[in-house]
Amino acid sequence: MKLLGQLLVEAFGVTQDAVARALVLQQEKGGRIGEILVQQKHLSLPDLYKARSIQCGLPLVTELPPNPDPFFTSRVPIQFLRKFKMIPVATPAESYIALAEPLHFQQVDDLQRVLNWEGMKTVLAPQEEIFKAISLCYDRNSQNRADQVMQDMDVEDPEAIISEIEETADLLDDTSDAPVIKLVNLMLAQAVRDNASDIHIEPYQDMVKIRKRVDGILYDMYTPPTRVKSKLVSRIKIMAKLDIAEKRLPQDGRIEIRIADRNVDIRVSTLPTSFGERVVMRLLDKSNVLLSLPDLGMSQRDLNIFLKLIKAPHGIILVTGPTGSGKTTTLYSALSILNKPDINIITIEDPVEYQIKGISQVQVNPKIDLTFANGLRTIVRQDPDIILVGEIRDLETAEIAIQSALTGHLVFSTLHTNDAASAVTRLIDMGVESFLVSSSVNAILAQRLVRKICRHCSEEFVPGREYLAQVGLVPEDLGDRPLFRSKGCYECLNTGYQGRIGIFELMVMNDDLKNFILTTSDSNQIQRKALSSGEMITLRQDGLQKVMAGLTTIEEVYRVT
């Protein structure tokens, strides 16, 4: 078999020098020579697939059928196909096994034996096409299974819910027959696969609605029969080790599950309503790596200022925004930069969302009177350099945080306010003296999350004058730059958006602003003063910069601001 680099030089116009540089990079950082050459723009992706096809002697199929037959889903685990990047394809015209890595010939033989397809043709296909087809097949199978499960519930034995409550190692390996257990497992597996952050189970007079939140937006999942709502809630309560007999009071619990190769921590909250208990599950994927500060979406100017602020010897840095706006992620990203052997970092949180090696993290527990205030009092006696307080909720916590900042500690915390200036008003409203706010707070960062335009189906468009006028722009502001929008595709669940990015408003407490706060606590006046210095831009202005950079849309910025 000819070496890929040699083949690319001979037949695809790649220079010997480019291949040599790619080989050096491969030795330094790993990776594959073909992908390295594509990243360095010496080779196009279609040409790479053609070269691999010639190299391994397999025919190339660039596009798989848009609606693949999921005939194999009950016999072949999804993990096997994903791990070895292959899929069996059966159409009326022909059948074959598509694979992205020709080296997995042993696994191709195994797949042929399982399907009784010995001797079946094998073709090469792009990895993204194979993964898309795998997801389509198993998603469709999950939906069919969910529909069947909900039909089975009509004849389910009421005692079946209690019969099998021991958890298996992996949720996908759970073969329980009880339909309600199957439904809960399917619901969790689909939510994790779609990168949902929450699952809502909402009982109404004549139905139960199950919804998932993906990229901040709620989507319908299932509508099971009304009669199963109590069994569904009981199953989740059993998993979360809650009291299934107590239906009059709210309860909070936790579930840890594994789905395929992903460990997921689930926070469960129940709330009694007129038609039964409402359940919300917050999903935290432990396999997700923490984002670094530059990846959050701050402008370069704000990022440089924020990096200086977090290295201050003392003071308070506040991050504000509503629930689910990424405040904790921003603070964890800052702590991961500061986390060094010569610095003592202690956090008190509710709950501890991610475990960070080298940082002592304390979980709030009101049942034993371990509140933010009580925990913070003890933390100060643990000789910390940096303290993270999950949230300032009351005057007592605020006062201890401020005293810690004034006695030489760097304190990070969060507040639930709409913008940066409102955080000052909120602290003073809690009862903190204005001179303590101005002398202890170094900066306030307000943030929101906007959905990013899906890169698979984005397209350029030239907006009209009326469209731009909604946000105070004119065509001249854009110059030659086009805006982007998305049509919607399979990759983004036909929403036009995929993933999220932050928009930020960083208010640094300079001397002018500190003196101004001593005279007023009006958030509008404080914001005008901060903007007048020219050092701060608002959330909406930062959002519009991301619109013009082609990252999001005007509608998204307006939705969150």
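**Cavity, rings and a buried strand residue**

User: How much space lies in the largest cavity?
Analyst: This is a predicted model, where local features need pLDDT of at least 70, side-chain atom pairs count only at pLDDT 80 or more, and totals for chains, interfaces and linings use all residues. Residues are numbered from 1 along each chain as its sequence is written, and side-chain values use heavy atoms, without hydrogens and water. A cavity is a set of points on a 1 Å grid over the protein atoms alone where a 1.4 Å probe fits but cannot get out; points join across faces, edges and corners, and the volume is the space filled by probe spheres set on them. For the largest cavity that space is about 60 Å³.

User: How many cavities of 30 Å³ or more are there?
Analyst: Rolling a probe the size of a water molecule over the atoms shows where empty space is left. By the cavity rule, the count at 30 Å³ or more is 1.

User: Which strand gives the largest share of the lining of the largest cavity?
Analyst: Lining residues have an atom within 4 Å of a cavity point. Among them are Leu506, Met507 and Val508. Strands are DSSP runs of E, at least two residues, and helices are runs of H or I, at least four, numbered from the N terminus. The largest share, 3 residues, comes from strand β18 (residues 497-508).

User: How many residues of that lining are charged?
Analyst: Asp, Glu, Lys and Arg count as charged; Ala, Val, Leu, Ile, Met, Phe, Trp, Tyr, Cys and Pro as nonpolar; the others, Gly among them, as polar. The lining has 6 nonpolar and 2 polar residues, and the number charged is 1.

User: Is Leu318 buried or exposed?
Analyst: Leu318 sits in strand β10 (residues 315-320). Buried means under 20% relative accessible area, exposed over 50%, partly exposed in between (1.4 Å probe, protein chains only). Leu318 has 0% relative accessibility, so it counts as buried.

User: How far apart in space are Leu318 and Ser413, C-alpha to C-alpha?
Analyst: Beyond its neighbours within four places in sequence, Leu318 has contacts (heavy atoms within 4.5 Å) that include Ile392, Ser413 and Leu445. In sequence, Leu318 and Ser413 are 95 residues apart. In space, C-alpha to C-alpha, the value is 5.1 Å.

User: Which residue lies over the face of Tyr558?
Analyst: A charge sits over a ring if NZ of Lys or CZ of Arg is within 6 Å of the ring centre and within 35 degrees of the ring normal. At 4.0 Å from the ring centre of Tyr558, the residue is Arg540.

Terms used
1 Å grid on protein atoms, 1.4 Å probe; cavity = no way out; pocket = protein on both sides within 12 Å on 5 of 7 lines; lining within 4 Å.
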